[in-house]
Amino acid sequence: MISVYFFTGIFFTLGFNAFLSQVTDDFVTGVLSIVGGVISSVVVAWCKDRWERKRSGR
């Protein structure tokens, strides 16, 4: 299940980058790409934590 979260994060980030590259300049795209990657990583870690808590019954 963890790999599903990981690949979801990757595809979200790639799609977000593709969209941004069409509507903004390179600097803004780079900054937002980094921010999007960080947010994606946090969301994946949060989902993993919830999954582990759910499985352990806490």
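The model is predicted, so local features need pLDDT of at least 70, side-chain atom pairs count only at pLDDT 80 or more, and totals for chains, interfaces and linings use all residues. Residues are numbered from 1 along each chain as its sequence is written, and side-chain values use heavy atoms, with hydrogens and water left out.

Reader: How many helices and how many strands are there in the protein?
Author: Helices (H or I, at least four residues) and strands (E, at least two) are taken as DSSP runs and numbered from the N terminus. Counted in this way, the protein has zero strands and two helices.

Reader: How far apart are the end C-alpha atoms of α2, given its 31 residues?
Author: The expected span of a helix is 1.5 Å times one less than its number of residues. For the 31 residues of α2 this should give 45 Å, and the model agrees, because the end C-alpha atoms are apart by 45 Å.

Reader: Is S40 buried or exposed?
Author: Buried means under 20% relative accessible area, exposed means over 50%, and partly exposed lies in between (1.4 Å probe, protein chains only). S40 lies in helix α2, and leaving aside residues up to four places away in sequence, S40 touches G9 and T13, where contact means heavy atoms within 4.5 Å. Because its relative accessibility is 9%, S40 counts as buried.

Reader: Which side chains meet in a salt bridge?
Author: Side chains of opposite charge can pair when their charged atoms come close, and a salt bridge is a side-chain nitrogen of Lys or Arg within 4 Å of a carboxyl oxygen of Asp or Glu. The structure holds one salt bridge, and its partners are separated by about one helical turn because they are four residues apart in helix α2. At 3.3 Å, N to O, the side chains that meet are those of R53 and D49.
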